[in-house]
Amino acid sequence: MMNWLRRFMYGRYGGNDQLSMFLFVLYLILLVLGSIFRRGVPGSGLSVAGTILQTLCWVVVLFYFFRCFSKNIYKRSAENQKFLRMWYPVQNYFKFLKLCFRERNGVKKLYRCPKCHQTIRVPRGRGKIAITCPKCRFEFIKKT
């Protein structure tokens, strides 16, 4: 049985990348939300929100399996790269918010360089100061 599966998957993409993981997590979230909104008004069957969530759940899982069993490895890899170009700014924004939350009562304040988006830590309570980015040497003025 394992040899049959290996031969079947030979030359296929396999779906072991970040976009596939995102689709899998999205599927699980939609599945849970669909089960929560499954019941609408008592006696009327499925609610509209439950039906929409179930449909989206099926679309996501079908796209996941399409990517997994596809033989066009180049296109699936390009899809993943496109996803990563969109995902990294979102991921970096939430990392910055996490750092800001951690430093909220500390002696340093966090800013991002407007030019290169480098995170810069500056001392609190100094009033308006000119901050120079250590990466790109761009100077900007912020209140600490």
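# A walk through the helices and loops

Start by selecting the buried residues of helix H3: Gly 50, Leu 53, Cys 57, Val 60, Val 61, Tyr 64, Arg 67 and Cys 68. Here "buried" means under 20% relative accessible area, "exposed" over 50% and "partly exposed" in between, with a 1.4 Å probe and protein chains only. Helices (H or I, at least four residues) and strands (E, at least two) are DSSP runs, numbered from the N terminus.

Before going on, note that this is a predicted model, in which local features need pLDDT of at least 70 and side-chain atom pairs count only at pLDDT 80 or more, while totals for chains, interfaces and linings use all residues. Residues are numbered from 1 along each chain as its sequence is written, and side-chain values use heavy atoms, with hydrogens and water left out.

**Stop 1: down the axis of H3**

Turn the view so that you look along H3.

Next, view the helix from the side. H3 has 22 residues and spans 32 Å from its first C-alpha to its last, close to the 32 Å expected at 1.5 Å a residue. That expected span is 1.5 Å times one less than the number of residues.

What do the buried residues of H3 pack against? Show helix H1 (2–9), H2 and H4, and you have the partners. Contact here means heavy atoms within 4.5 Å.

**Stop 2: the nonpolar cores**

Select Leu 19, Leu 23, Leu 30, Leu 53, Cys 57, Val 60, Tyr 64, Phe 83 and Leu 84: these nine residues make up the largest nonpolar core. Such a core is a set of buried Ala, Val, Leu, Ile, Met, Phe, Trp, Tyr and Cys residues joined through side-chain atoms within 4.5 Å. Helices H2 (18–36), H3 (48–69) and H4 (73–102) each give two or more residues to this core. Which of them gives the most? It is H3, with four residues.

Zoom in on Phe 83, and leave out residues up to four places away in sequence: Phe 83 then touches Gln 18, Leu 19 and Phe 22. For a second, separate core of seven residues, select Tyr 111, Cys 113, Ile 120 and Cys 133, which are among its members.

**Stop 3: Asn 80 in H4**

Stay with H4 and pick Asn 80, which is found in this helix. Is Asn 80 buried or exposed? Asn 80 is buried, with a relative accessible area of 6%. Residues up to four places away in sequence aside, Asn 80 touches Tyr 13, Asp 17, Gln 18, Leu 19 and Arg 67.

Ala 78 is also placed in helix H4, but Ala 78 is partly exposed, at 39% relative accessible area. Draw a distance from the C-alpha of Ala 78 to that of Thr 144: the two, 66 residues apart along the chain, are separated by 43 Å.

**Stop 4: aromatic rings**

Show the rings of Phe, Tyr and Trp (its six-membered ring); they pair if their centres lie within 6.5 Å, with planes under 30 degrees apart counted as stacked, over 60 as edge-to-face and the rest as tilted. By this rule there are eleven aromatic pairs. Trp 4 and Phe 8 make a stacked pair, 5.6 Å centre to centre with 10° between the planes. These two are four residues apart in helix H1, so about one helical turn separates them. Trp 4 is partly exposed at 47%, and Phe 8 is partly exposed at 31%.

Move on to Tyr 93 and Phe 94, an edge-to-face pair at 5.7 Å centre to centre and 70° between the planes. Then select Trp 4, Phe 8, Phe 24, Tyr 64, Phe 65 and Phe 69 together to see one aromatic cluster.

The charged end of Arg 12 sits over the ring of Phe 8, 4.3 Å from its centre, and Arg 104 lies over the face of Phe 101, 3.9 Å from the ring centre. The rule asks for NZ of Lys or CZ of Arg within 6 Å of the ring centre and within 35 degrees of the ring normal.

**Stop 5: two loops**

Finish with His 117, in the loop between strand S1 (108–112) and strand S2 (119–123). Phi of His 117 is near 65°, a positive value in a residue other than glycine. Arg 137 lies in the loop between strand S3 (128–132) and strand S4 (139–143), and its phi is near 65°. Arg 137 is exposed, with a relative accessible area of 61%.
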